[in-house]
4 protein chains.
Amino acid sequence: MINSVLETVIQQVRPLARQGRVATYIPELGKQDPDLLGIAMASVQGEVWTAGDWDRKFTMQSISKVVSLGLAMVEIGEERVFSRVGVDPTADPFNSIMRLEMVAPHRPQNPLINAGAIVTLSLLPHGEARERFEAVRDLARRLTGSQDLNLDEAVYLSEKETSDRNRSLAYFMRSVGVLEGDIEDILDSYFMQCSLSVNARDLAVMGATLASGGVNPFTGERVLPSKVCRVLRALMATCGLYDGSGEFAVRVGVPAKSGVGGGIVASVPMRYGIGVFGPALDPKGNSLGGIAMLEKLSQELSLRVL
Amino acid sequence: MINSVLETVIQQVRPLARQGRVATYIPELGKQDPDLLGIAMASVQGEVWTAGDWDRKFTMQSISKVVSLGLAMVEIGEERVFSRVGVDPTADPFNSIMRLEMVAPHRPQNPLINAGAIVTLSLLPHGEARERFEAVRDLARRLTGSQDLNLDEAVYLSEKETSDRNRSLAYFMRSVGVLEGDIEDILDSYFMQCSLSVNARDLAVMGATLASGGVNPFTGERVLPSKVCRVLRALMATCGLYDGSGEFAVRVGVPAKSGVGGGIVASVPMRYGIGVFGPALDPKGNSLGGIAMLEKLSQELSLRVL
Amino acid sequence: MINSVLETVIQQVRPLARQGRVATYIPELGKQDPDLLGIAMASVQGEVWTAGDWDRKFTMQSISKVVSLGLAMVEIGEERVFSRVGVDPTADPFNSIMRLEMVAPHRPQNPLINAGAIVTLSLLPHGEARERFEAVRDLARRLTGSQDLNLDEAVYLSEKETSDRNRSLAYFMRSVGVLEGDIEDILDSYFMQCSLSVNARDLAVMGATLASGGVNPFTGERVLPSKVCRVLRALMATCGLYDGSGEFAVRVGVPAKSGVGGGIVASVPMRYGIGVFGPALDPKGNSLGGIAMLEKLSQELSLRVL
Amino acid sequence: MINSVLETVIQQVRPLARQGRVATYIPELGKQDPDLLGIAMASVQGEVWTAGDWDRKFTMQSISKVVSLGLAMVEIGEERVFSRVGVDPTADPFNSIMRLEMVAPHRPQNPLINAGAIVTLSLLPHGEARERFEAVRDLARRLTGSQDLNLDEAVYLSEKETSDRNRSLAYFMRSVGVLEGDIEDILDSYFMQCSLSVNARDLAVMGATLASGGVNPFTGERVLPSKVCRVLRALMATCGLYDGSGEFAVRVGVPAKSGVGGGIVASVPMRYGIGVFGPALDPKGNSLGGIAMLEKLSQELSLRVL
């Protein structure tokens, strides 16, 4: 039954999804086919359903911020992380620098905007970019249960070349003392984690792992403490879709995190994880078709928690 | 059993609650006893539990914004309301004017900050301040099931005299075209709705009505359409505690709305409404003891939805 | 000779001046004939030259801020004035409220933007709006040597009705403690001083009085101390044309103050005062023809001091 | 006579000057002796007077922005420069990034703040950092008439290492399209020009050259067109001391430009150039003793032009 719901959802959403536009500020992302649409859903009991282009690979982009934040909370503790990064939703766009200057103590508002994610990464107790990335990648593999999670080299290099705004954010934060260390090295690991390649099914399993309180329903491994999952879900619910988070809460009503690669991971506590993929974005940088699919699915299966 | 949980929660929270400070910018609010603590919980099946100073009256303040927003959605439609007010969470304080100037089209970010609530009120199709207020009060009575919901004249007059910031917001909004009509009259109804007097039990029933999808479990009346309740709960979850909304989502994880009178209404979809009262506030203007009680109760009874 | 220079300047500027637009945010100002152009020049030795519509009356608008600031410095002392208002040029538009919120201690940047002028007026030790206004008007009469300086009732009433932004500024400033007193009364005197009616010759004499260090070259009266004139000229040079002050310094290079009524007063220290009038404004609210006339005159007669 | 005025001025200012603090954000600057005070004055007729530590070398820092702006106007034309950089005074600190984000089209307000100076440098039609720097250095040599103007290597390396804020500004500007080219190379030439070593006498001659309309009174060479000097003096008058420009206009009333190395160059049109040096700064980054010396000198010799 759920399989046919997923199929229907894709059909209904397709005309709308075409009105979005693929991200172009990272040239490599601009090459994606805007017509792709995929969806997968996984239960905390270990069932999984898929439809459309669910097995197409795309890069996690901002979805990876959930992974590195989870890692940081485990490795250095919730308290230390949130002494450096806030938990406030924000109406600023994802790459805003203004508020960092304006509001002392110049702390990024939350770990799901770029500034906050970069600070979070910098706190990881690993030597260099590659090690930091591998720690994030390993956690991502455990959350998704997929060993086949790798760096998309082309996207990584493309990001690295066109990341003036992120460089500006990082240098600014170091100038006001909120970020320490080797900027290029920290950014390098940030670009790598953004370039981790997944498919919609991977995201569905990751969402289900977060929904279950940290146990991957497919591998049975406890991947994260349930307390960490609660924090991640709360931040996803309030800040997960940049300045589109409020509208998403109204329309869909479940914790989720989007990325400009076109993916969104959603997590319905104690019930389901969902992964959607549609590279054509709305003006706020969220998958246009992805949001629409989640909205329909939320109605159809009564997934709202809000 | 729940009664004893409520009692315990109050005992545990009391020492912390004393560290807060009553609101002083409205002189009349400054007269409240900072040691008061009350809590009430109501189920969507029509049960109710209470503890502490649950029957002390206090003014709704910003909690009334939920009522007037619900009224506006019913009377003029969700679409018209949200063409004038956004649904974006914001990291600005509740009375910020800056973003209104900075970001065209100068629309308030959401209906739960002061600017947004004033615009929402102005959209109601009622003649004058008193009528507008009475429509809000009547909806509040139906949501709480209490006929004993009246204006606290002393607080109302105190607010009216010390409302420079709200006047500034309103005149600013009219100057940029986002607000129309007689400013003093609109503000008058705003001060009146803020001065509606309730107790914790009233808020618990109101929360339960929102939780049930709009049917008051005690009177059996359908007070609001379920779609309106979904919007209200989503906005409460993302913007309900001003710039403390993110932290509240992490710590408590349920939709809620606070007021500087010391009250908080929480709504656990399909399960419970909770009303808490503690006039000593944290620096963001939320009840210090109220948040702590909700956090403990959320853990104790597994109320989190996020 | 100078008379013919003035005539030539008007002829040359006329085609450009027509591209401006009369102020419309005050309805009464919108009724002005955009084709009017007048100019007058007065020397500190007591000579005067005129051309074009030099005897057409218009309202001082922001030019009156120079008068009330001079008055405040005389009546309560430079130090007290500048403990409440800064002397910083600003790149914000004349009616910006943002910076007031953003930058503690919420002091207006300088006395020539609206917020600063309103605070300055509030500091005058006079009982009520009418008295405050009459003190400003009397100083204006002495600066211009004209007894025929009166309130334009129509403009005054029009301003009073359409002053949402100024009301917003004033209430905001009172809410943060930078402004005290009866807001409506203070604003009333502000609207009155803005509505003082002058002609280009009046402004030329006023400019010459400031240029001479405070002695009106026509009446021989010492109207202001030379130290006060120095402060006024310095503020005119850096902040006199709102966010067009920098460009004006480059193009014209003399201290000046503009008003949205279409007038500009310029003051060439030790040499001349100049009054220009052209109600068609540029996008920053300065007289398009007025600036162009001053630029040509500055070149022709080597008036630059910068 | 003027020599004794200069000596007196130094004596009078010494106690105040000691209350300032040397710049510390560039470590090498922090090593300066805060008690140094030097002054020099040069007339457009080719006279020169000196007192105190007038021959101590210090780095130009922001004073070099005047040189590179002059160079850019000569090499690519005033129009092209000001299509990329504004001429607006600003109340923001010298290294502010906020306004760049906030106000489309994201153009730096003026060429004398860091962002504007970096853009100006990037427009120079020279191949690489070293060539760009040498062109600026050569113009500085001709303005000062000193062949002994060289790079202070220690300061240059220190700046290069501690320039997070400037890097942030530059990457931000490239991300919004206002800056093009190789960021590290552009910044390198910026750090080099800031590290040009001069003494107070050099600045006095530079000021006299600008005052004369571009002819160096000592070498007799026409170094800059008079039109370019007019623009430079106008910008110095309105934006020359960062957010202290307004107060400087009130207190001193002559065009001037400061640098965090402790120097200030002033230019009294048609009359004098003045160079002052005092490395102890006020909170806005301007030489505390330097401003005080210029204020006293301006009074003593009636130098005000405003």
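In chain A, strand β1 (residues 38-43) and strand β2 (residues 48-52) run antiparallel and are joined by five bridges; strands here are DSSP runs (E, at least two residues) and helices likewise (H or I, at least four), numbered from the N terminus, and two strands pair if DSSP finds at least two bridges between them. The model is predicted, with pLDDT of at least 70 needed for local features and 80 or more for side-chain atom pairs, while totals for chains, interfaces and linings use all residues. Residues are numbered from 1 along each chain as its sequence is written, chains are lettered from A and ligands numbered from 1 in the order written, and side-chain values use heavy atoms, without hydrogens and water.

The two strands form a hairpin with four residues between them, and A:Gly46 in the turn has a positive phi of about 100°. β1(A) also pairs with strand β8 (residues 272-277) of chain A, antiparallel and over six bridges.

Turning to chain B, B:Thr238 lies in helix α11 (residues 226-239) and is buried, at 1% relative accessible area. Its side chain reaches the backbone oxygen of B:Ala234 at 3.0 Å. Leaving aside residues up to four places away in sequence, B:Thr238 touches residues including A:Pro89, A:Thr238 and B:Ser245, where contact means heavy atoms within 4.5 Å.

Note on methods
Buried < 20%, exposed > 50% of the residue type's maximum accessible area, 1.4 Å probe, protein only. Polar contact = N/O pair within 3.5 Å; in protein donor to acceptor, adjacent residues only side chain to side chain.
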